[in-house]
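Hello,

Here is the structure I promised to pass on to you. Have a look at it first, and then read on for my notes.

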Amino acid sequence: MAAPALTRLTIAEALDGLATGAFSAVELAEAHLAALAAARPLNAMITETADTARAMAAASDARRAAGDARRLDGIPIAIKDLFCTEGVRTTAGSQILADYVPPYQSTVTAKLFDAGAVMLGKANLDEFAMGSSNETSFTGPVVNPWSPGPFGAWTRRLVPGGSSGGSAAVVAARAAMGATGTDTGGSIRQPAGLCGIVGLKPTYGRCSRWGIVAFASSLDQAGPMARTVRDTALMLEAMAGFDPKDSTSVDRPVPEYAAGLTGDVRGLRVGIPKEYRVDGMPAEIEAVWARGVAWLRDQGAEPLEVSLPHTRYALPAYYIVAPAEASSNLARYDGVRFGLRVADDGLQALYEATRGAGFGAEVRRRIMIGTYVLSAGYYDAYYLQAQKVRKRIAWDFEAAFERCDVLLAPTAPSTAFAIGDKSDDPIAMYLNDVFTVPASLAGLPGISVPAALAEDGLPLGLQLIGRPFDEPTVLNAGAALETAAEFSWAPPALAVS
Amino acid sequence: MGTAVAGDALAMSLDTTTVARIARLARIKVPDSEHEALAAELSNILTFVEQLNEVDTADVPPMTSTVAMTLRRRADEVTDGGDPEAILGNAPDRVDDYFGVPKVVE
């Protein structure tokens, strides 16, 4: 099979091809390494690990020859550079970790590699996963492969979304079959939506957080990004599961997500949250949302309007809770045990100089907001109030799920915007996550499925949100949307190659 | 502090003195020349989050657990360790099997 064709396969198709011997894991890895090299103008990878990929692929072929093929054996994937990878530099997109080489493997990457997945490299991201556009990485912004114009000489450079922007970009560019992401307020779903791929944020506690560089620990959750719903299900099976090293990891069996995927939504009650119809929502986003409702209804689902009254307070609550937790988590970067050190006169000055030089503007802003809202005299007014509002938001979802089985909403309020368009206005940037943050605050599973191309030729995603640990329903409804949407577009620059 | 006092405090925007104090608490060196711009940015964010005061939370407990679960316990015993090379491998300054820091006691 010719190399370009191998990069067009889904994970499910590639597993079949590997099983029948149509191609080897080494051939599959080489095709993707070549695609990854060709995709370098996207700046989607912080570290490419070609030698590791070749060695892992050869080991995969050997396992398969010995009759010991695993779940994802030979599938080349990118790892968001927030997951610690043993012996492979892990930067979190930050100057402060620019040279950090973890002596251990995160649980999620260990599980993926045990399942036979092949690591192509470490994907770019917003610094410490703080951002919605992948513009805050210390290695510079990632370009969305859907940007108009010739590849590498784009007429407008668009953002891929964030924070898992590098992951989304390489999967959309057919340079990786899948990627890991993490989602704190939308960081898997929003870039998946903006890049025309599928991204799943599992229920909080479903995937272990151990070995993932922490941002906001009560919200952070790892999840898969791939080009089909089935592929994300296949990846999630390998990523999920109990881990005693994460105190909030939940001890319950991992379903066979892919095997359970029927796409049958007959009788499924689909809630349409009326508060998500926000002021100034572009007509075409409202239109694709309505089309999504019709698609599910046509397949036998029963749409109904539901209310999530505190939706508008989700973003402000998030922008207290997440920075508060970040200010605490990022206290560990002190220039003493690992990471950057900037020497100064005495230990206090060393801390301040190191952190002043090591953190970028958005991370600094969030640490300072978090420090302020947790400081003496303000804790009750800001942090405690935000955690109470968060409870109300969680209750809203509980009430809605008494009437419906899954919720359908847009993923993001716009298509991809240009690099630089919103980087001077933090609040405008935060509004990108208006539809994804509420489910994050409540810890619920959510998926973004590519639904259509907008008038500007860019992808639009639809989001499904489910009950805790009801990933099977979320995936199933996602598969129904995917079937109806028939979304088969690739970024224009790739379509001609 | 009571909510009435808190409400008053929330209405304030940050001045450069407060920004300097927060930077100090956060142990981040921020050049004086950036204090004014940061004060404006942080004030904007605080204004944005102030709308949370509209929500009646009188009888609402703060969320303390993202999914309903009881934290597990385990036996208080050593399960890992004894590998100074791994621990110190990324140390910016190492003295024998210790992290090196500037002198803190005169």
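Helix 12 of chain A and helix 3 of chain B pass each other in a right-handed crossing. Please keep in mind throughout that this is a predicted model. The two helices are residues 361-373 of chain A and residues 35-49 of chain B, and their axes come within 11 Å and cross at roughly 60°. An angle of 65 to 115 degrees would count as roughly perpendicular and one under 35 degrees as roughly parallel, so helix 12 of chain A and helix 3 of chain B are oblique to each other.

Which residues meet where helix 12 of chain A touches helix 3 of chain B? From helix 12 of chain A come Arg364(A), Arg365(A), Met368(A), Ile369(A), Tyr372(A) and Val373(A). Helix 3 of chain B brings Leu38(B), Glu41(B), Leu42(B), Ile45(B) and Leu46(B) to the contact. Sorted by type, the residues of this contact are eight nonpolar and three charged, with no polar ones.

Now to the chains themselves, beginning with chain A. Chain A holds 17 helices and 11 strands. Its radius of gyration is 21 Å, close to the 23 Å that the globule rule gives for 497 residues, so chain A is as compact as a globular protein of that length. The C-alpha trace of chain A spans about 65 × 55 × 50 Å along its principal axes. Of its 497 residues, 65% count as buried. If you take the contacts in chain A between residues at least 6 apart in sequence, 77% of them join residues at least 24 apart.

Chain B has four helices and two strands, and from the N terminus on its elements run α-α-α-α-β-β. Of the 106 residues in chain B, 30% are buried. Among the contacts in chain B with a separation of 6 or more, 28% are between residues 24 or more positions apart.

Of its 11 residues, 10 are buried, so helix 8 of chain A is largely enclosed by the rest of the structure. Just after helix 8 of chain A, Gly241(A) takes a positive phi of about 135°.

Further along, the loop between helix 8 (229-239) and strand 7 (269-273) of chain A contains Gly260(A). Is Gly260(A) buried or partly exposed? With a relative accessible area of 45%, Gly260(A) is partly exposed. Between Gly260(A) and Met281(A) there are 35 Å in space, C-alpha to C-alpha, and the two are 21 residues apart in sequence.

Arg157(A) and Val143(A) are 14 residues apart in sequence and 6.0 Å apart in space, C-alpha to C-alpha. Leaving out residues up to four places away in sequence, Arg157(A) touches Pro141(A), Val143(A), Ser147(A), Ala418(A) and Ile419(A).

Enjoy exploring, and write back whenever you like.

Best wishes

Methods: Residues numbered from 1 in each chain as written. Chains lettered and ligands numbered in written order. Predicted model: local features only at pLDDT ≥ 70, side-chain atom pairs only at ≥ 80, totals over all residues. Heavy atoms only, no water. Axes fitted to C-alpha atoms, helices over the stretch in contact; angles between N-to-C directions. Parallel < 35°, antiparallel > 145°, perpendicular 65-115°, else oblique. Left-handed = near helix turned anticlockwise from the far one by under 90°. Contact = heavy atoms within 4.5 Å. Nonpolar A, V, L, I, M, F, W, Y, C, P; charged D, E, K, R; others polar. Rg over C-alpha atoms; globule rule 2.2 N^0.38 Å. Buried < 20%, exposed > 50% of the residue type's maximum accessible area, 1.4 Å probe, protein only.
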